[in-house]
Amino acid sequence: MKILVTGAAGFIGSHTAERLAEMGHEVIGLDNFSAYYDIFLKELNAKELLKKNIEVLKLDLRTDDLAEKLPNDIDYIFHFAAHPGISSTSTFEDYFSNNILATQRLLEFTDNLKKKPFFVNIATSSIYGLEATFPESVPPQPASWYGVTKLAAEQLVLAKCREKKLQGTSLRLFSVYGPRERPDKLYTRLIDCGLNNKLFPLFEGSEKHLRSFTYVQDIVDGIVSVIGKVNVCNGEIFNLGTETESTTAQGIATVEEILQKKIETENKSPRAGDQSRTKANIDKARKLLGYNPQTTLKEGLLAQMEWFKTYFP
Ligand SMILES: NC(=O)c1ccc[n+]([C@@H]2O[C@H](COP(=O)([O-])OP(=O)(O)OC[C@H]3O[C@@H](n4cnc5c(N)ncnc54)[C@H](O)[C@@H]3O)[C@@H](O)[C@H]2O)c1
C-alpha cells in the first residue's frame with residue numbers, strides 16, 4: 001500500500017510511519033517542521049525515518065500545492081499534522097489554521113484524486129472536554145481551543161464520509177507518552193528535570209488529575225489496526241488508549257522510582273482547559289478492531305528514559 005503520513009516528523013506520526021514501513025508499506029511523510037517546539041527534535045525524527053528509507057517532505061498543508069508535490073495514487077492517509085496540546089503561548093490562529101484549515105486543504109487535495117485514499121483522522125480525548133471518560137456516542141463538550149478545533153477537523157472528515165465523497169475514520173487518542181514525546185508534555189519534562197536537576201513546573205491541582213497514560217507503541221497498534229477494515233471503520237469514531245488510570249502524582253512517583261531520586265517541583269497556576277480526568281473507554285475499539293493495549297506505565301517509562309539518555313546525554 002502507498003501511505004501518506006502527515007505530521008511524520010512529530011512524536012506519534014514518526015512512530016506510525018516507522019511501523020507502517022516495517023509492515024511493508026510504502027510510506028511518504030509530510031511535515032512543515034513547525035516551530036511549536038524545538039525543530040531540532042523534528043529533524044532528529046526525520047533523520048531516523050530516512051535511515052529506514054522514509055522521506056519526510058517539507059510541506060505546509062495550509063499553503064503548499066499538495067497536488068503538485070504528492071502522488072495521486074495514495075491508498076491511505078494518516079493525518080497527524082496539527083497544533084497539539086494546550087499552551088498559553090499559542091494563539092487561536094495557531095489552532096485554527098493548523099487544525100481546521102490544514103485538514104480542509106488536505107481534504108480538498110483528496111477531492112481531485114481519481115483513486116480515493118482511506119482517510120484516517122487523528123483526533124484527541126480533548127474533544128470530550130474536561131472529563132473524557134465516555135464512549136464515542138456521547139456529545140462532545142471541548143473546553144479548549146485545541147479541543148474545539150480538533151472536533152471541527154474531525155467533523156470535516158466525517159462530513160465528507162456522510163456525503164459519500166470519501167471513506168474515512170477518526171481515532172481519538174488518549175494521553176500518549178514514550179520515546180520522542182513532545183518536550184512540552186509531562187514525561188519528557190519530568191525526565192529532563194529529574195536527570196538535569198531542574199525544577200519541575202507543577203500546575204496547581206494537576207497532581208490529582210487522572211489520565212489514561214498510553215504507551216506510544218500501544219497507540220500505534222490501534223492506529224494501524226484500521227488497515228484492511230474499511231467497511232468496519234468508515235464514518236466511525238474510535239477511542240484509543242489504555243483503560244488503566246493513573247494520577248499525575250503516580251506518574252511523578254514512577255519516574256522518581258526509575259531515577260531513584262526525588263524531583264523537586266515549582267508551583268504554577270492551573271492551565272485553562274486542562275482536563276481533570278481522562279479514561280479511555282475502548283469497548284468499541286476492542287470489539288471491532290481487536291484493540292488491547294498492554295504496556296504498563298513503568299515499562300513504557302523505562303523505554304522513554306533510555307531514549308532520552310541516548311539522544312540527550
Ligand atoms: N501526544 C498526545 O498525547 C496526543 C493525544 C491525543 C491526540 N494527539 C494527536 O496526535 C497528533 C500528533 O500529535 P503529536 O503529539 O505527535 O504532536 P507533534 O507536534 O509532535 O506532531 C505534529 C506534527 O505536525 C506538524 N504540523 C503542524 N502543522 C502542520 C501543517 N500546517 N502542515 C504540515 N505539518 C504540520 C508539526 O510540525 C509536527 O511535527 C495530533 O493530531 C494530536 O492532536 C496527540
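Helices α6 and α9 cross with right-handed geometry. This is a predicted model. The axes of α6 (residues 186-195) and α9 (residues 248-259) come within 10 Å, and the crossing angle is roughly 40°. Angles under 35 degrees would count as roughly parallel; α6 and α9 are therefore oblique to each other.

| Helix | Residues in the contact |
|---|---|
| α6 | Leu186, Tyr187, Leu190, Ile191, Gly194 |
| α9 | Thr248, Gly251, Ile252, Val255, Leu259 |

Sorted by class, seven residues in the contact of α6 with α9 are nonpolar and three are polar, while no charged residue takes part.

The ligand is the next topic. Around the ligand there are 30 residues. Gly7, Gly10, Phe11, Ala82 and Val176 are the closest of them. Which element supplies the largest share of this shell? Helix α1 does, with three residues. At least two residues each come from α1 (11-22), α4 (92-111) and β5 (118-124). In the shell around the ligand, 14 residues are nonpolar, 10 are polar and six are charged.

As for the whole chain, 11 helices and 15 strands are present. The C-alpha atoms fill a box of roughly 60 × 40 × 35 Å along the principal axes.

How values were computed:
Residues are numbered from 1 along each chain as its sequence is written. This is a predicted model: local features need pLDDT of at least 70, side-chain atom pairs count only at pLDDT 80 or more; totals for chains, interfaces and linings use all residues. A residue is near a molecule or strand if its C-beta atom, placed from the backbone, lies within 6 Å of it. Helices (H or I, at least four residues) and strands (E, at least two) are DSSP runs, numbered from the N terminus. Ala, Val, Leu, Ile, Met, Phe, Trp, Tyr, Cys and Pro count as nonpolar, Asp, Glu, Lys and Arg as charged, and the others, Gly among them, as polar. Axes are lines fitted to C-alpha atoms, for helices over the stretch in contact, and angles run from 0 to 180 degrees between N-to-C directions. Angles under 35 degrees count as roughly parallel, over 145 as roughly antiparallel, 65 to 115 as roughly perpendicular and the rest as oblique. A crossing is left-handed if the near helix is turned anticlockwise from the far one by less than a right angle, and right-handed if clockwise. Two residues are in contact if their C-beta atoms, placed from the backbone, lie within 7 Å.
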